[in-house]
Amino acid sequence: MTPGSVLPTHQDTYARYRLIHGLDNSANIVRIIVYLEPWQSGHYTEMNGHPVTGWQAGDWVCWHNDFPHLAANIGVTDRYTLQLTGTL
């Protein structure tokens, strides 16, 4: 995520993931974000209204279907994460 990028609060529907894998709305889909570098000033995540900062490389957050979240980079360096999506 480059400096100045903002992904406003949203909820994932996983529509494309469901289509590709032939899943209906009852599928228990989970998304995981792994932080690849330590937190830097201006790097921000929010999960269901709760801020997430101060992470270390390898820390992660996850959520299930339709969980409100946002991401932003108002810092001066790129923000690197790994996104994984799957079913339980």
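Before I turn to the sheet, one definition: two strands count as paired if DSSP finds at least two bridges between them. With that in mind, please look at the structure above, which is a predicted model, so every value I quote is computed from it.

Let me start with the overall picture. The protein holds one helix and seven strands, and if you read along the sequence, these elements follow one another in the pattern β-α-β-β-β-β-β-β. Along its principal axes, the C-alpha trace spans about 40 × 25 × 20 Å. Of the 88 residues, 31% are buried, and the protein exposes about 5400 Å², of which carbon and sulfur atoms supply 57%.

Four strands form an open sheet in the order β1-β6-β3-β4, and their pairing is antiparallel. Strands β1, residues 5-10, and β4, residues 50-52, stand at the edges, and because each has a single partner strand, one side of each is left without a neighbour in the sheet. On average, and ignoring direction, neighbouring strands of this sheet are turned by 15° against each other. Within the sheet, β3, which covers residues 43-47, pairs with β6, residues 69-73, over five bridges in the antiparallel sense, and there the bridge partner of His43 is Asn73 in β6.

Which residues form the one aromatic pair that the structure holds? They are Tyr35 and Trp55, whose rings are stacked, with 3.9 Å centre to centre and 15° between the planes. The pair links distant parts of the chain, since Tyr35 lies in strand β2, residues 29-35, whereas Trp55 lies in the loop between β4 and β5, 20 residues apart. Both Tyr35 and Trp55 are buried.

I would like to finish with another residue of strand β2, namely Ile33. Is Ile33 buried or exposed? Its relative accessible area is 12%, and because buried means under 20%, Ile33 counts as buried. Leaving aside residues up to four places away in sequence, Ile33 touches Asp59, Trp60, Val61 and Trp63, and also Thr81, Leu82 and Gln83. As for Leu84, which is 51 residues from Ile33 along the chain, the C-alpha atoms of these two residues are separated by 6.5 Å.

Definitions and conventions:
Residues are numbered from 1 along each chain as its sequence is written. This is a predicted model: local features need pLDDT of at least 70, side-chain atom pairs count only at pLDDT 80 or more; totals for chains, interfaces and linings use all residues. Side-chain values use heavy atoms; hydrogens and water are left out. Helices (H or I, at least four residues) and strands (E, at least two) are DSSP runs, numbered from the N terminus. Axes are lines fitted to C-alpha atoms, for helices over the stretch in contact, and angles run from 0 to 180 degrees between N-to-C directions. Rings of Phe, Tyr and Trp (its six-membered ring) pair if their centres lie within 6.5 Å; planes under 30 degrees apart count as stacked, over 60 as edge-to-face and the rest as tilted. Buried means under 20% relative accessible area, exposed over 50%, partly exposed in between (1.4 Å probe, protein chains only). Contact means heavy atoms within 4.5 Å. Accessible areas come from the Shrake-Rupley method with a 1.4 Å probe; for residues, only the protein chains shown count as cover.
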